[in-house]
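Please walk through this protein from its overall make-up down to single residues. Which parts are covered, and what do they touch?

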Amino acid sequence: MVVSTLIITACATQSERPSGVEVVSTQAWFAEHPVWSVSGRVALSDGESGGQLNITWADRQDHVEVVLRSRLGGRWWRLVFNDEQAQLSAHDRPTERLGDADELVAQATGWPVPVTAMHDWIRGLEVPPKSAGDAANGVDDAIINEGGWRVEVTEHGWVTGATGQAVRLPKRLQAERPPHRIRVVFGEWEWAKNQPNG
């Protein structure tokens, strides 16, 4: 069952670890909260030019929906995808279908935004956290994914739920594959009101 109505069930993201709560892994948190959304801002650069987009990312359990909007002007793109297919609609073109979500976004926006990989990056499932000790010792915690993107979470925030659990999620991340660089800043998370069990 997919729940379409969302309400905020977690407090605002905070930088300091909350006290008096049970800290859970990202895998455990998203197993309990499979329907969610988060909004934010994306900065894009190819070393010579750049742009900014607003982003809304929603996981509906059987598919992902991503909406990108230009910061100025009326340009927008709406991508719906799962493991099998992708569909993109936009302000200036009819709906297109393709098996590759990344290719659809690149063709439409002109930027190589790795949306399929970002599904894990946003949740912090593939990017190891950078600790203060690692930063002081010059340890590089970034990973390089199959597409050649070097990914790093530069800031985390804590989110607490109504059940007294807390999870550490990415607040800022950056991905780089020369000459392109993508930086994302996340805002508030929203979780489904009624979660399916199993």
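The model is predicted. The protein has four helices and 12 strands. It is 198 residues long, and 42% of these count as buried.

Start with helix 2, which spans residues 101-109. Its buried residues are Ala101, Leu104, Val105, Ala108 and Thr109. An α-helix has 3.6 residues a turn, so residues three or four places apart point the same way.

What does that set of residues pack against? The buried residues of helix 2 meet strand 5 (64-70), strand 6 (76-81), strand 7 (86-90) and strand 8 (93-98). They also pack against helix 3 (115-123).

Both ends of helix 2 have a local feature. At the start, a side-chain oxygen of aspartate 100 comes to within 2.9 Å of the backbone nitrogen of aspartate 102. Just after the helix, glycine 110 takes a positive phi of about 85 degrees.

Is arginine 93 buried or partly exposed? Its relative accessible area is 26%, so it counts as partly exposed. Leaving out residues up to four places away in sequence, arginine 93 touches Leu88, Gln107 and Ala108. Arginine 93 and alanine 108 are 15 residues apart in sequence. In space, their C-alpha atoms are 8.7 Å apart.

Now turn to helix 3. This helix is mostly covered, with seven of its nine residues buried. Those seven are Val115, Ala117, Met118, His119, Trp121, Ile122 and Arg123. Just after helix 3, glycine 124 has a positive phi of about 70 degrees.

Setting aside neighbours within four places in sequence, methionine 118 is in contact with Trp57, Val113 and Val184. Methionine 118 and valine 151 are 33 residues apart in sequence, yet 9.6 Å apart in space, C-alpha to C-alpha.

Arginine 123 also belongs to helix 3. Why does a residue with 12% relative accessibility count as buried? Buried means under 20%, and arginine 123, at 12%, therefore qualifies. The side chain of arginine 123 makes a polar contact with the side chain of aspartate 120, at 2.7 Å. Beyond four places in sequence, arginine 123 touches Thr26, Phe30, Trp36, Leu169 and Pro170.

Next comes the empty space. Rolling a probe the size of a water molecule over the atoms shows where such space is left. How many cavities of 30 Å³ or more does a search of the whole structure find? The search finds one. The largest cavity holds about 30 Å³ of space.

The residues around the largest cavity are Val66, Leu68, Trp77, Arg78, Leu79, Leu88, Val105 and Val115. Strand 5 and strand 6 each supply at least two of the lining residues. Strand 6 gives the largest share, three residues. By class, the lining has seven nonpolar residues, no polar ones and one charged residue. Val105 is also among the buried residues of helix 2, and Val115 is among those of helix 3.

Last, consider two points in the backbone. Most residues other than glycine have a negative phi, and most peptide bonds are trans. Glutamine 61 is not a glycine, but has a positive phi of about 80 degrees. Glutamine 61 lies in the loop between strand 4 (50-59) and strand 5. At 38% relative accessibility, glutamine 61 counts as partly exposed.

The bond from proline 178 to proline 179 is cis, with omega near 5 degrees. Proline 179 is in the loop between strand 11 (165-177) and strand 12 (180-192).

Methods: Residues numbered from 1 in each chain as written. Heavy atoms only, no water. Buried < 20%, exposed > 50% of the residue type's maximum accessible area, 1.4 Å probe, protein only. Contact = heavy atoms within 4.5 Å. Polar contact = N/O pair within 3.5 Å; in protein donor to acceptor, adjacent residues only side chain to side chain. 1 Å grid on protein atoms, 1.4 Å probe; cavity = no way out; pocket = protein on both sides within 12 Å on 5 of 7 lines; lining within 4 Å. Points joined across faces, edges and corners; volume = space filled by probe spheres on them. Nonpolar A, V, L, I, M, F, W, Y, C, P; charged D, E, K, R; others polar.
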